[in-house]
Amino acid sequence: MISWLASRCAAFGPRPALAGAFGVVSFAQLAGLIDDARRSLAALGLVQPTTFAVIGGHGPAATAWLLALAEAGHFAVPLSGNAAEHPAKLAEVNVQWVVATDGLGGNLLPRMDEPPAHALLRALAARGAAGLVLFSSGTSGRPKAMVQDFGAMLATYESRRPNQLPVLALLGFDHIGGLNTLFGTLAVGALLVVPADRSVAAVVAAIARHRVAVLPASPTFLNLLLAAETPGVELASLRVITYGTEPMPESLLLRLRAAFPRVRFIQTFGTSETGIYRTESPDVDSTFLRLDDPGLEWKVVADELWLRSRTQIAGYLNDSNERFTADGWFRTGDRVETRADGAIRILGRLGEQINVGGEKLMPVEVEAVVLAVPGVLDCRVAGTPSALTGQTVTVDVVLAAGQDEEVVRSALRSACRSQLAPHKVPTKVRFVAAVAGERLKKTR
Amino acid sequence: MLTRPEALQLVLHRLAALGRELGKPELERADEQTRLFGETAQLDSIGLVTLIADLEEDIRRATGRDVVLADEKAMSRLTSPFRRAGLLADHIVATLGAMPPA
């Protein structure tokens, strides 16, 4: 069975599909690579659904293999990032074949000859459905393998209206956000531009070279982009910036809107477990949003956002499914604020709440104020133990060049005192060379 | 290591800076006897945590040692080291003195 997305690739013909270190590849060439992958699969003579790891980035060969595996009803495990993590992940999912891709080429390597044993995979196989397995960073440090119906996931992109706005691939190939960008861009016939790496310099170079119009990015990356003070002409092609994966401090959104007056900012929201959804923003300068996707139900239970979607994962292969209720709701672990008109705002992860002597706060409220202090390049707020107040608010600050620590420390506290309740004012201000990880990194 | 006069100097310097930030001129004129925490004192619990955090940073810069001034032991002392500026200076000297050599 030829999938609708593979047919669409063939139909888009000479239009550019992917650009990166591998050159510029047209949709017709991509369709040819899908054919190659189909032939390689057929040559294996597999009689039952089989698990394949596809290792690579957003390259043509890796993309072609994912689509060929989906239409043949196999299970695909996209992997990229640190190769040292791959062996544990391959073992966790009992991968039988490895496709090692590099740009246009791919090598098929056997790994083990055991049929998929897990009940979730067998259930997909029983109804002829392909599977997509993604990993999330588990809270315990052991990655959680999530399995979903690959065909159902791809089907959500079929009704997208065609356009030719080039899109940048910034989120990972092994990440729901990165795959959402990939499939969403292919489905509409637009060009996906893959930067050499995820540094600001490489991303700006890719945007300028391919006239990228749509940039899906995290608030952390957008803050770095502002700090780099890139000449506007380099980024003149940008029309839309979508942001997600972590809460956006409103002060950062205001600075971004001032720096990119012609760009529309769209907040995306999603989880690896439920898929990615676009949102409506009632006010341009606020991060309140509405979830009004027909495929997504939501509710707020005790300040926690619960989601139920058509495309949510079937479950975890290697973890308990306690975050799913019996009637199919997924407890996101995201703490949200609900406004009278029904709009919601993501405040952060439930576990990130800081409790200062019984009074509570979320890091993002403080980060929004600290980021706006002159001389502060970036910051992270966390709770640290205190013998006096249980927890206390600690902020790690990255200073701009030539700034005096004492001056910024004092300005930072003054700004927080004038804008925040007393218990939210950071007591510990540490100056660091770089802050770790993404702002309010989600641990799913 | 810090001498008692150096430790007191750090405390008074920090109190003055905090006084400017908080708009409390009494703290800018602080001395040995200035009450820090407790009834009729100048600082609330957040203010005291702030003072201690800044002092720990000052001590790290002055001596290269990472000290924890507010721990369960200090909190449970009969005479709180956080009651007066002079007692806090004593506490700094004693805490540094009790640390194993670097």
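This is a predicted model: local features need pLDDT of at least 70, side-chain atom pairs count only at pLDDT 80 or more; totals for chains, interfaces and linings use all residues.

**Helices, an interface and a sheet**

Visitor: Is the crossing of H1(B) and H3(B) left-handed or right-handed?
Guide: A crossing is left-handed if the near helix is turned anticlockwise from the far one by less than a right angle, and right-handed if clockwise. Helices here are DSSP runs (H or I, at least four residues; strands are E, at least two), numbered from the N terminus. The crossing of H1(B) with H3(B) is right-handed.

Visitor: How should I read the numbering, and what kind of model is this?
Guide: Residues are numbered from 1 along each chain as its sequence is written, while chains are lettered from A and ligands numbered from 1 in the order in which they are written.

Visitor: Why are H1(B) and H3(B) oblique to each other?
Guide: Helix H1 (residues 4-22) and helix H3 (residues 45-63) of chain B have axes 10 Å apart. Angles under 35 degrees count as roughly parallel, over 145 as roughly antiparallel, 65 to 115 as roughly perpendicular and the rest as oblique. H1(B) and H3(B) are therefore oblique, as they pack at an angle of about 135°.

Visitor: How many residues of the contact of H1(B) with H3(B) are charged?
Guide: In H1(B), residues including B:Leu10, B:Arg14 and B:Leu18 meet residues of H3(B), among them B:Leu51, B:Asp54 and B:Asp58. The contact of H1(B) with H3(B) also has seven nonpolar and two polar residues, and the charged ones number three.

Visitor: Which helix gives the most to the side of chain B that touches chain A?
Guide: Eleven residues of chain B are in contact (C-beta atoms, placed from the backbone, within 7 Å) with 14 residues of chain A. H3 and helix H4 (72-75) of chain B each supply at least two residues of that side. With six residues, the one that gives the most is H3(B).

Visitor: Which strands are the edge strands of the open sheet in chain A?
Guide: The sheet has four strands in the order E15-E16-E18-E19 (chain A), with antiparallel pairing. Strand E15 and strand E16 (residues 304-309) of chain A, for example, pair over six bridges, and A:Leu296 stands opposite A:Ser309 in E16(A). Each edge strand pairs on one side only, and in chain A these are E15 (296-301) and E19 (344-349).

Technical notes: Two strands pair if DSSP finds at least two bridges between them. Axes are lines fitted to C-alpha atoms, for helices over the stretch in contact, and angles run from 0 to 180 degrees between N-to-C directions. Two residues are in contact if their C-beta atoms, placed from the backbone, lie within 7 Å. Ala, Val, Leu, Ile, Met, Phe, Trp, Tyr, Cys and Pro count as nonpolar, Asp, Glu, Lys and Arg as charged, and the others, Gly among them, as polar.
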